There are 4 protein chains.
Amino acid sequence: MKTTRLEAFSDGVLAIIITIMVLELKVPHAVELAALKPVLPVLLSYVLSFIYVGIYWNNHHHLFQVTEQVSGGILWANLHLLFWLSLFPFTTAWMGENHLAAIPTAIYGFVLVMAAIAYYVLERAIIAKQGRESLLALAVGKDWKAKISLVLYLAAIPLAFVSSWIASALYLFAALLWLIPDPRIEKALKKRQ
Amino acid sequence: MKTTRLEAFSDGVLAIIITIMVLELKVPHAVELAALKPVLPVLLSYVLSFIYVGIYWNNHHHLFQVTEQVSGGILWANLHLLFWLSLFPFTTAWMGENHLAAIPTAIYGFVLVMAAIAYYVLERAIIAKQGRESLLALAVGKDWKAKISLVLYLAAIPLAFVSSWIASALYLFAALLWLIPDPRIEKALKKRQ
Amino acid sequence: MKTTRLEAFSDGVLAIIITIMVLELKVPHAVELAALKPVLPVLLSYVLSFIYVGIYWNNHHHLFQVTEQVSGGILWANLHLLFWLSLFPFTTAWMGENHLAAIPTAIYGFVLVMAAIAYYVLERAIIAKQGRESLLALAVGKDWKAKISLVLYLAAIPLAFVSSWIASALYLFAALLWLIPDPRIEKALKKRQ
Amino acid sequence: MKTTRLEAFSDGVLAIIITIMVLELKVPHAVELAALKPVLPVLLSYVLSFIYVGIYWNNHHHLFQVTEQVSGGILWANLHLLFWLSLFPFTTAWMGENHLAAIPTAIYGFVLVMAAIAYYVLERAIIAKQGRESLLALAVGKDWKAKISLVLYLAAIPLAFVSSWIASALYLFAALLWLIPDPRIEKALKKRQ
């Protein structure tokens, strides 16, 4: 089974997730600039989640570039990842509309953790299919970014009850980590050519 | 006529169906954990429907891998299937928001029955076009999974009035049946190579 | 310029149009079967519009199979068609929620007329680019279906004020006309091979 | 890295943006023609934004036709553009629902400015990757359209406080500028062949 249709379907789901979050930006009835004030925290959490969905799309893109064949297990590992990502609009809106209250901010982190685990499971499912000597297995290597992110999310969840600003800063910091382009897979691809 | 555009359109529709269901998870106004309690049954019915749309996407994917040409009849059989699947967000929300009340749970089963029939009609339309000796006709064979699922749905509809938990358990059990990867078409494909 | 991306974008827009109409099926709060009664006219108008979007997708698919190159004019003629089709969810919901009241039913017809004109303009733009001796020009021929549909819509608009049931019957009849597979383009394609 | 998946994802996001704006056309409860009156300014701002998203899709399409390889920087420049475009439904609805009040009209222009800058950044990122002697660098040339549009948006923002009709007329005029097909890239492509 080729990866094209799996990629097309995932692209569709990610495109919808990233776009419907904007529906939570409720259009204000007033027309003063002050009317945008309650929209602002929702906008900020939208920006954070937009970056996260962008990162996942980006990594997903990289992952399937070094994947050639899809098994039933990979299909379901992929759907499992999409499931947790599909909860982003909900947790984003809950956190944003309540000005980063402790529990919504912790739940936001919980969904980040689950998505990170789901991504890890997907990566392992692909490596299991391709063999430990495959391009992907070599490229992923020790995957320190994924590990640090997970530690940051896990730290942010209890910290949300101390200060939700610290938790949000950790989410943002983990996102910025990923914005640094990942040279591992690109390098491995170049070597192959 | 090639199958590419039909697949792309179906992928789009399925991606939207699977994602807009999440819009029914109404963002709570309160910020305690207890505020998630009314969301929980909606989330559970969302998980069930997510699995079902995933199964249909998966099977659709397999089906069109062994299909080479599309006729007008196949196009409309496909749209007919998408129509019933597009009712999933409605029945999922109705069932979830009412804590699995009898009638919404039965209607949920009714839409599952109609989608199963539509899938069967689509399969037959493709076989009719390709001939009874085709790869698909051989691969599908007696199709016991489809038959058992249909029996389970039909049993669940009246049972929803006895206990909607029994009905839901049957829906879940039928879904899990499909999660077991279907070796028939994959086998047939391997033989051809 | 190739047609692939134009087709992919149109598929996306049509997939979203056909699916977001279902969001107008408001989930009832009650759990009796009677609670579905107000949903029924919305469901019926949804079915009608689902068929129409299906027809447009189908015809669009045929149209671009015999189109090889896209000009700026064709791009905008295509967007113009998508614009009118994007109003379907609005007119469908307005007609459905008001049990086929005269004015919403007439407006529904007006949007059908505009979409039909936009389709005609798109067809002409493609023929203008390809030349009057092209495959499409020969295939389309006198295009009686498009002409009859237009007459039916134009008749239905004033008739909506007499009886909106007559108007709806005309919309449905015009839709059924298109369900009959169109052998013209398929024939022309076969001849070429 | 190939451009196909980036184009598919962008097509998906643009298709959703252009379509969900229609959800802001709130279905009226009354059935007289007068009930459409409050919908009219929302419809007009929808038309304007529909044209803008169409222009961006069109230009995006042209841009990636002369792009062969995608780097991490281009991916993020593209997501940055999609972010600003994703705010169109919000600003469109706010402007439309308030009959072009001054501040929503100015904010609409602000998002147009940010989208124009994001497009410019994306263009530069691609040229930086391809070299100043590349096809795109030559085709884009002095890019007077982009410069005039930016001037028009920047003029419209303060003018919205004088008369929001002047501001809207400038937005419309800038859009019409882009409707004139851009012969630069098409010419450059022809020369290459």
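The following legends describe close-up views of a predicted model. In this predicted model, local features need pLDDT of at least 70 and side-chain atom pairs count only at pLDDT 80 or more, whereas totals for chains, interfaces and linings use all residues. Residues are numbered from 1 along each chain as its sequence is written, chains are lettered from A and ligands numbered from 1 in the order in which they are written, and side-chain values use heavy atoms, with hydrogens and water left out.

**View 1. Packing of helix 1 against helix 3 in chain C.** Helix 1 (residues 4–20) and helix 3 (residues 72–86) of chain C pack at an angle of about 5°, and their axes lie 10 Å apart. This angle makes helix 1 of chain C roughly parallel to helix 3 of chain C (angles under 35 degrees count as roughly parallel, over 145 as roughly antiparallel, 65 to 115 as roughly perpendicular and the rest as oblique). Axes are lines fitted to C-alpha atoms, for helices over the stretch in contact, and angles run from 0 to 180 degrees between N-to-C directions. Helices are DSSP runs (H or I, at least four residues), numbered from the N terminus. From helix 1 of chain C, residues including C:Leu6, C:Phe9, C:Val13 and C:Ile17 meet a set in helix 3 of chain C that includes C:Leu75, C:Leu79, C:Leu82 and C:Leu85 (contact means heavy atoms within 4.5 Å). By class, this contact between helix 1 and helix 3 of chain C has nine nonpolar, three polar and no charged residues (Ala, Val, Leu, Ile, Met, Phe, Trp, Tyr, Cys and Pro count as nonpolar, Asp, Glu, Lys and Arg as charged, and the others, Gly among them, as polar).

**View 2. The rotation axis relating chain C to chain D.** Within chain C, the C-alpha nearest the axis belongs to C:Gly12, at 4.3 Å. The two copies use different surfaces, since 7% of the contact residues of chain C recur in chain D. Superposition is by least squares on the C-alpha atoms of residues with pLDDT of at least 70 in both copies.

**View 3. The interface of chain A with chain D.** In this interface, 38 residues of chain A are in contact with 30 residues of chain D. About 2900 Å² is buried between chain A and chain D, 76% of it on carbon and sulfur atoms (the accessible area, 1.4 Å probe, that two parts lose on being put together, summed over both). On the chain A side, A:Val27, A:Val31 and A:Trp57 lose the most area to chain D, together 21% of what that side buries.

**View 4. Salt bridges between chains.** Over all chains, the whole structure holds 16 salt bridges (a side-chain nitrogen of Lys or Arg within 4 Å of a carboxyl oxygen of Asp or Glu). Chain A and chain D share two salt bridges, and A:Glu7 meets D:Arg5 in a salt bridge at 3.3 Å, N to O. The count between chain C and chain D is two; D:Glu7 pairs with C:Arg5, their closest N and O atoms being 3.3 Å apart. A:Arg5 forms a salt bridge with B:Glu7, with closest N and O atoms 3.3 Å apart. This pair crosses from helix 1 (residues 4–20) of chain A to helix 1 (residues 4–20) of chain B.

How values were computed:
Helix = DSSP H or I, 4+ residues; strand = E, 2+ residues; numbered from the N terminus.
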